[in-house]
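Here are my notes on this one, in the order I'd look at things. Have the viewer open and turn the model as you read.

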Amino acid sequence: MQKVVEFKKKRFFGGIDIDALNQRVFELGQAGWQVKTITTTTGVYGQITSVLITN
């Protein structure tokens with residue numbers, strides 16, 4: 001069964017918090033996930049609004 005996690009934590013001045021994203025991916029790995037894809041979702045002006053992680 002495929003699962004999807006949406007990651008939305010942003011930095012104060014905009015953009016995705018890469019350190020927090022790496023920590024989340026590490027936690028998923030510890031839970032037995034094998035990340036297959038990471039995809040970004042974008043807003044109207046092309047800014048990244050979230051990251052989708054699938055296993």
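This is a predicted model: local features need pLDDT of at least 70, side-chain atom pairs count only at pLDDT 80 or more; totals for chains, interfaces and linings use all residues.

1. In what order do the three strands line up? The order is E1-E3-E2, in an open sheet with antiparallel pairing. Strand E1 (4–7) and strand E2 (37–42) sit at the edges with a single partner strand each, so one side of each has no neighbour in the sheet. From one strand to the next, the twist averages 25 degrees.

2. If you're wondering what holds a sheet together, its strands pair through backbone hydrogen bonds, either parallel or antiparallel. Here, E2 and strand E3 (residues 48–54) run antiparallel and are joined by six bridges.

3. Where does the helix go? Helix H1 (residues 18–30) lies across E1, E2 and E3, and runs at about 160 degrees to E1.

4. Some overall figures: the C-alpha trace spans about 35 × 20 × 10 Å along its principal axes. Of the 55 residues, 24% are buried. Among contacts with a separation of 6 or more, 42% come from residues 24 or more positions apart.

5. Last, the surface and the charges. The protein exposes about 4300 Å², with carbon and sulfur atoms supplying 55% of that. There are 7 positive and 4 negative side chains, and the centres of the two sets are 6 Å apart.

Note on methods. Residues are numbered from 1 along each chain as its sequence is written. Side-chain values use heavy atoms; hydrogens and water are left out. Buried means under 20% relative accessible area, exposed over 50%, partly exposed in between (1.4 Å probe, protein chains only). Contact means heavy atoms within 4.5 Å. Accessible areas come from the Shrake-Rupley method with a 1.4 Å probe; for residues, only the protein chains shown count as cover. Lys and Arg count as positive and Asp and Glu as negative; His and the chain ends are not counted. The place of a charge is taken as NZ of Lys, CZ of Arg, CG of Asp or CD of Glu. Two strands pair if DSSP finds at least two bridges between them. Helices (H or I, at least four residues) and strands (E, at least two) are DSSP runs, numbered from the N terminus. Axes are lines fitted to C-alpha atoms, for helices over the stretch in contact, and angles run from 0 to 180 degrees between N-to-C directions.
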